Amino acid sequence: MLDPRFSSERPHVSRRGFLRLTGAGVAGGALVTMLDARKAPAQLKGTSLRILMWSHFVPAYDTWLDDFAKRWGEKTGVKVRMDHIPHLELPARYAAEFAAGAGHDLIYFVGQILTGQYYRNLVDLSDLAEGLAKKYGAWMPASKSAGQVGGAWYGVPDFFISIPVLWRKDLLESVGVNNPDTWDDLRKAARLLKPKGHPTGMQFSHCNDANHNWRSLLYCFGGKETDPSGQNLTLDSKETREALRFAKALYDEGMTPEVFSWDDASDNRYLASGVACWVHDAISAFRTTQDTNPKVFEQTYVLPEAKGPVARLNMGEPNVWAIWKFSKNVPAAKEFIQTIADHQKEAMEASRGYNMPFLKNQYTKPMPGLGGDAKLSALQEQDKITVFFGYPGPMTPAAQEVLTTFIVPDMFTRVARGADIEETMKWGMGETRRIYTKHKAG
Amino acid sequence: MSQIAAGGGPSPGAPATVAVGGRVRDISWWRTPTARRYLFGYTLLAPAVLYVALLVGIPFVFSLYLAVSDASVGVPVARFVGLENFKAALENSAFWTAVRNTVVFTLGAGIMKGLLGTALAFLLIQPFKGRRVVRALVVIPFTLPIAVSVLGWKWMFDSQFSVINWALSRLNLIGAYGSPEWPVWLGQPALALFSVMFVNVWRGFPFSAIVLMAGMTSIPPEIIDAGKVDGATFLQRFRKIIVPMIAPILFIGSAFDTVFTLSDLSIVYLLTNGGPDGATEILPTLAYNTGIKAGALGRGAAISLSLFPLLLPLMILLLRTLRRRQY
Amino acid sequence: MATVAVATPYRAPRTERAKSIRRHVLIYLGLVPFLALAVFPIFWMLVTALKQEPDLYRMDVVPFWFHLPPTWKNFDFLFHRTSYGDWIINTMAIAFWVSAITLLTAVPAGYALARLRLPFAENLGIGIFMTYLVPGIILFLPLARVVSTLELQDSWWSLVAVYPTITIPFCTWLLMGFFKTVPFEIEEAAMVDGCGQLGALLRVVLPVSWPGLITAVIFSFTLSMQDFLYALAFVSVSDQKPVPLGVATELIRGDVYFWGSLMAGALLVGVPVAIVYNLFLDKFISGITGAAIK
């Protein structure tokens, strides 16, 4: 049968086929009605719009999005072209487009929020963003720094990605850890299950997930990257050292050395292969396991985030729309952002629970994709514990560079490999300070 | 006619004395055969030189500018900061790790390719049945595009499903999955560096073999026979006769290969992206991550150009020496 | 080596055949590790390409063969759900045009440097190496500007414009070395017969150098298929991508690698190239020989 993972880049699916594919029959119908209801501005007819997106981790979402864009194009008379490239390659592409002064109209930042870097060349979208806040409730406070520079909005947040804990009920209960809630529970479970051939794993490498996982741990232990203003480094603290210590213990007791070679996909595979007792991974792993290993999936449950000694905080990955100033079709781009925001519910459904909204009212229950699922319903409260990189400061370009150079994962890696904590702190602070100094000067 | 076959003509600018139609006449330099030859030559050269000058030369100057400015990807015109970027690079421990890794990578892989290539070339110049087939098969690693073959290796080195580990552990050469003796090719620092070097060697040794084969077949058999007659053993023949004769091509091949390797980031980028805590970070990947991904163009440019002052004189020295050895 | 049979009266004479067999056996033995090294990954990629997905993620069975029956699904996916067909065509087209441009520029340049004793020829020869030291990761930014000025952005023609910067220097050097081996007499004879220098080049030198030309074409082909960064920067439209870019960007979705299709995609692009190499391998080798001797 049609494997939902194998999404089509060229949607040659009939409307009925599409609806069947996403299993969103009712939502699809509502989509069509809603699109009909909203009148598109007349001056968009005949223009063309080029959108650059990432390749969503849940392929079904891209299928939905491409189809959505096509229908929107038909409705408004705009010729839409949507291109997808892997999120890791987006920064290079943006650098090239900027250097060339030409490229796509509407672009998308995933994880690496480049608003602060490019804002001089992005269209001011304050009216759009404020409008959305009025319509759908306030923006999540933490999300503003993803789109704002100096009080004006140069990017409009779309959704964020949560990276919760996915755990195996059967395995954990077999060693007496029922309903794990804290990091200590997870550590205990890993310690008891590793000898039985079911260790855990978190990436100690240069990948996106490593940035997220270790920051979540860090924040849960009370570590802070900067002060709330984002200008002063506060990473050097007792709490950070506690987090590092914990990570080392967790590695020694509950993981195997293979985690040093892992990339973003490895923990998905670990879970799906039945080996992992728990992983700290996005819902895409949940869906992969659902599709490839139903037996394991049955036993897989979701914990929004483990609690540390200080807090329960989960680092989310924000996704942000932006429009190049050199775009020749700014009105159409703005219209598209507005329309997508208006259909956030369908988007959430299509993403099979992956996309988490930024706007307050989108959290009214039941949330599409999550509300109906017993295992995932706890994620409906995710906005309460979600923060972003740079916490508690905003997502400044300096914090962004710390992110892309993997300093935090490297610190954890060194400690796990046996380096002295003080040495590691010194190294990490040195690197981070250099970056912040440079950005202050510039 | 001998004007063309013999050495260079009179220098430009000086009026030339040419025998034309039996009478000696003074004509301007521009009409001499030498000048015509120069004109012809430079016209032939022009397309290539223009192409490269425009598309490589100008961007090179641009990258020099970037290296001494604080440009970032969003800010095209930036302030001049002198050698600030280079200083920052030198103070960054990641930079020195990358330099070390780059040197180890290039030298180690180069030596391996030389050794394997020589051994293979030696075997392939022997006449034997099926030689054509073998040659065709052995060239395959070189013919596959880097990106695709590297991804194949990534799967073969996978920490869980590596077929290499599976085979080795069944042969009891390494431990079982989960034990400390299960090598995590891309996760343990020394192994990771070895793995990326290995892929580079895997891709490159057929090419080395072919180049060396070419060199070996160009050695006149008489010289080798003379060696045999003189009673030299195989090893002595190899060392004293063959190696010196293939040395020039070995050097040139190595030079090109070094240069290609130094600027290639695909293997490391696709396999480990700098590896466990910088263990496989090489200068191109560090420059890419700093300059493009993190947006600090100035510093990225400085990092990527940092080997240039070292390599340029080395290359010139190497090539001049080689040229002199020819004659 | 076997050309000279030195008779040694001290040993019992052996038959030529026995010697030949012994030699063959030794050679084959020596070749086995090399062949295994070169070919095993290809075999492995082939097996992976034909495996069903759940079969890949099992650790308890022999991975060299199939446990679930082999399937064409991965190949099918390649051709029907991605633009792989377009990618192959693009790759071949790019390689063709890049080779053409390279020949048109590198052949005259190589000839000029090799034969015309121009001043600065030697330095230009060295300068050729230097172009490869210019960091590609910086190069692609100004080149992006060039590409967009030529309005080639997001078309594979942008790569045709850019790849010669990689192929021309190397092929110029190669052809330079090769042309040096062409005897002067041929050219002189042609010019005595009334061709100008250009005519001699076209009518006499080129035909004789055709192994060198083949070599240059093969290198252009190979070099133009290696690149990843330029393709990434200049082409984002799916059906304009060359194979390496397409495979790396569309068969890896974040944290899901479609290994089966990845391997299938890798192999399929290797086949035409391997065939081309095969056909011209001998010429290729003599081409390099020529360049090597200088």
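Start with chain C, where the domain assignment gives domain 1 (16-71) and domain 2 (82-293). Such bounds come from an automatic or database domain assignment.

A word on what you are viewing: this is a predicted model, in which local features need pLDDT of at least 70, side-chain atom pairs count only at pLDDT 80 or more, and totals for chains, interfaces and linings use all residues. Residues are numbered from 1 along each chain as its sequence is written, while chains are lettered from A and ligands numbered from 1 in the order in which they are written.

**Stop 1: the two domains of chain C**

Colour domain 1 and domain 2 of chain C separately. Their C-alpha centres lie 32 Å apart. Now look for where they touch. Seven residues of domain 1 of chain C are in contact with six residues of domain 2 of chain C. Two residues are in contact if their C-beta atoms, placed from the backbone, lie within 7 Å.

Select α1 (16-50) and α2 (53-56) of chain C. Each supplies at least two residues of the side of domain 1 that touches domain 2. Helices here are DSSP runs of H or I with at least four residues, strands are runs of E with at least two, and both are numbered from the N terminus. The largest share of that side, four residues, comes from α1(C). By type, the side of domain 1 that touches domain 2 divides into four nonpolar, one polar and two charged residues. Ala, Val, Leu, Ile, Met, Phe, Trp, Tyr, Cys and Pro count as nonpolar; Asp, Glu, Lys and Arg count as charged; the others, Gly among them, are polar.

**Stop 2: a loop residue in chain C**

Select E151(C). Its place is the loop between α6 (136-149) and α7 (157-162) of chain C. E151(C) has a positive phi of about 60 degrees, although it is not a glycine. Is E151(C) buried or exposed? E151(C) is exposed, because 11 other C-beta atoms lie within 10 Å. The rule, with C-beta atoms placed from the backbone, is this: 20 or more other C-beta atoms within 10 Å of its own make a residue buried, 12 or fewer exposed, and anything in between partly exposed.

**Stop 3: chain C against chain B**

Show chains B and C together. Here 85 residues of chain C are in contact with 88 residues of chain B. Which helix gives the most to the side of chain C that touches chain B? Select α14 (residues 259-293) of chain C, which gives 17 residues. The side of chain C that touches chain B has 65 nonpolar, 16 polar and four charged residues.

**Stop 4: chain A against chain C**

**Stop 5: strands in chain A**

Seven bridges join β1(A) to β2(A), and the two run parallel. Two strands pair if DSSP finds at least two bridges between them. Click on L52(A): its bridge partner in β2(A) is D83(A).

Next, find the open sheet of three strands in chain A, with order β8-β7-β9 and antiparallel pairing. β8 (278-280) and β9 (300-303) of chain A each have a single partner strand, so they stand at the edges, and one side of each is left without a neighbour in the sheet. Strand β7 (residues 165-168) of chain A pairs with β8(A) over three bridges. L166(A) stands opposite V279(A) in β8(A).

**Stop 6**

Select P392(A), found in the loop between β13 (386-387) and α18 (397-404) of chain A. A cis peptide bond joins Y391(A) and P392(A), with omega about 0 degrees.

Move to F406(A), in the loop between α18 and α19 of chain A. Its phi is near 55 degrees, a positive value in a residue other than glycine. F406(A) counts as buried because it has 23 C-beta neighbours inside 10 Å.

Finish at R414(A), which lies in helix α19 (residues 407-416) of chain A. R414(A) is buried, with 23 other C-beta atoms within 10 Å. Leaving aside its neighbours within four places in sequence, what is R414(A) in contact with? Select A419(A), T424(A) and D277(B) to see these contacts of R414(A).
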